[in-house]
Amino acid sequence: MRDDAPQVSDAEALAAYRKVYDEARTHTIRLLDSPGATLTVRCPDWCESDHAEDETRGTFLEDFAHRGAEEALHVDLAEGGHEDVLLVEITQYPFGRDLRQPTAILWPSLGLTEEHLDPDRLSAFAGQLREYAHALEQLTVRLEAARVEASARRRDDHEGRGSW
């Protein structure tokens, strides 16, 4: 570190980081429920939505959603193709009627092209299933953490200190 560089404590550096991080994860959403109304929300750590459409076009309050990273079971097909047959992501509608807690949503795709698997490709498919199972285990850990965070936020919100 340069001697002439401004010196800050670890606490000051952490506070500055949190300010930038929190500002980057805060969005002002246009609400279609009431013309001219907006809502400022801070995304949970697991949310990967950019909320750009909610900010520009607007959304109804109960339709506003946080969405996490998508996990998919990629099945390799002949000639280098692949198809996603199971997609899972953490989703939360904090102001909706349902799914107010973070929940894992599964979308099975039934469009799988018929494939004939020789022993090598069947073994490769079994490997893909194991990798997908591992990804689901990791998603389970993230979902549990998201639900704990949502419960804590709800408690804070009831006490008048927190916001979504």
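**Entry: His51**

I began at His51, which counts as buried at 3% relative accessibility. My cut-offs are under 20% relative accessible area for buried, over 50% for exposed, and partly exposed in between, with a 1.4 Å probe and protein chains only. The model is predicted, so local features need pLDDT of at least 70 and side-chain atom pairs count only at pLDDT 80 or more, while totals for chains, interfaces and linings use all residues. Residues are numbered from 1 along each chain as its sequence is written, and side-chain values use heavy atoms, with hydrogens and water left out.

I looked up the backbone of His51 next. Its phi is positive, about 55°, although His51 is not a glycine. Most residues other than glycine have a negative phi. I placed His51 in the loop between β2 (38-42) and α2. For these labels, helices are DSSP runs of H or I with at least four residues, strands are runs of E with at least two, and numbering starts at the N terminus.

I found Leu99 in the loop between β4 and β5. At 34% relative accessibility, Leu99 is partly exposed.

**Entry: the chain as a whole**

I listed three helices and five strands. Along the sequence, they give the pattern α-β-β-α-β-β-β-α. The chain has 164 residues, of which 27% count as buried. I then looked up contacts, meaning heavy atoms within 4.5 Å. Among contacts with a separation of 6 or more, 48% join residues 24 or more positions apart. The exposed surface comes to about 11100 Å², with 53% supplied by carbon and sulfur atoms. That area is from the Shrake-Rupley method with a 1.4 Å probe; for residues, only the protein chains shown count as cover.

**Entry: the nonpolar core**

Which residues touch the most other members of the largest nonpolar core? I noted Trp46, Leu73, Val75 and Ile90, out of 13 residues in that core. A core here is a set of buried Ala, Val, Leu, Ile, Met, Phe, Trp, Tyr and Cys residues joined through side-chain atoms within 4.5 Å. β3 (66-76), β4 (82-92) and α3 (119-158) each supply at least two of its residues. α3 gives the largest share, four residues.

I followed Leu73 further. Setting aside residues up to four places away in sequence, Leu73 touches Glu83, Asp84, Val85, Leu86, Gln128, Leu129 and Tyr132. I also took the C-alpha distance from Leu73 to Ala133: 9.0 Å, across 60 residues of chain. Ala133 is in helix α3. With a relative accessible area of 39%, Ala133 is partly exposed.

**Entry: Glu71**

I moved to Glu71, in strand β3. Is Glu71 buried or exposed? At 19% relative accessibility, Glu71 counts as buried. Its side chain makes a polar contact with the side chain of Arg142, at 3.5 Å. A polar contact is a pair of N or O atoms within 3.5 Å; within protein, one must be able to donate a hydrogen and the other to accept it, and residues adjacent in sequence count only if both atoms are side-chain atoms. Leaving out neighbours within four places in sequence, I list Leu86, Leu87, Val88, Tyr132, Ala135 and Arg142 as contacts of Glu71.

**Entry: cysteines**

How many disulfides does the structure hold? I found zero. The test is a pair of cysteine sulfur atoms within 2.5 Å.

**Entry: the aromatic pair**

I found one aromatic pair. Phe64 and Phe95 have ring centres 6.4 Å apart and planes at 45°, so I call the pair tilted. The rule for rings of Phe, Tyr and Trp (its six-membered ring) is centres within 6.5 Å; planes under 30 degrees apart are stacked, over 60 edge-to-face, and the rest tilted. The pair links distant parts of the chain, 31 residues apart. Phe64 is in the loop between α2 (52-56) and β3, and Phe95 is in the loop between β4 and β5 (103-108). Phe64 is buried, at 1% relative accessible area, whereas Phe95 is partly exposed at 22%.
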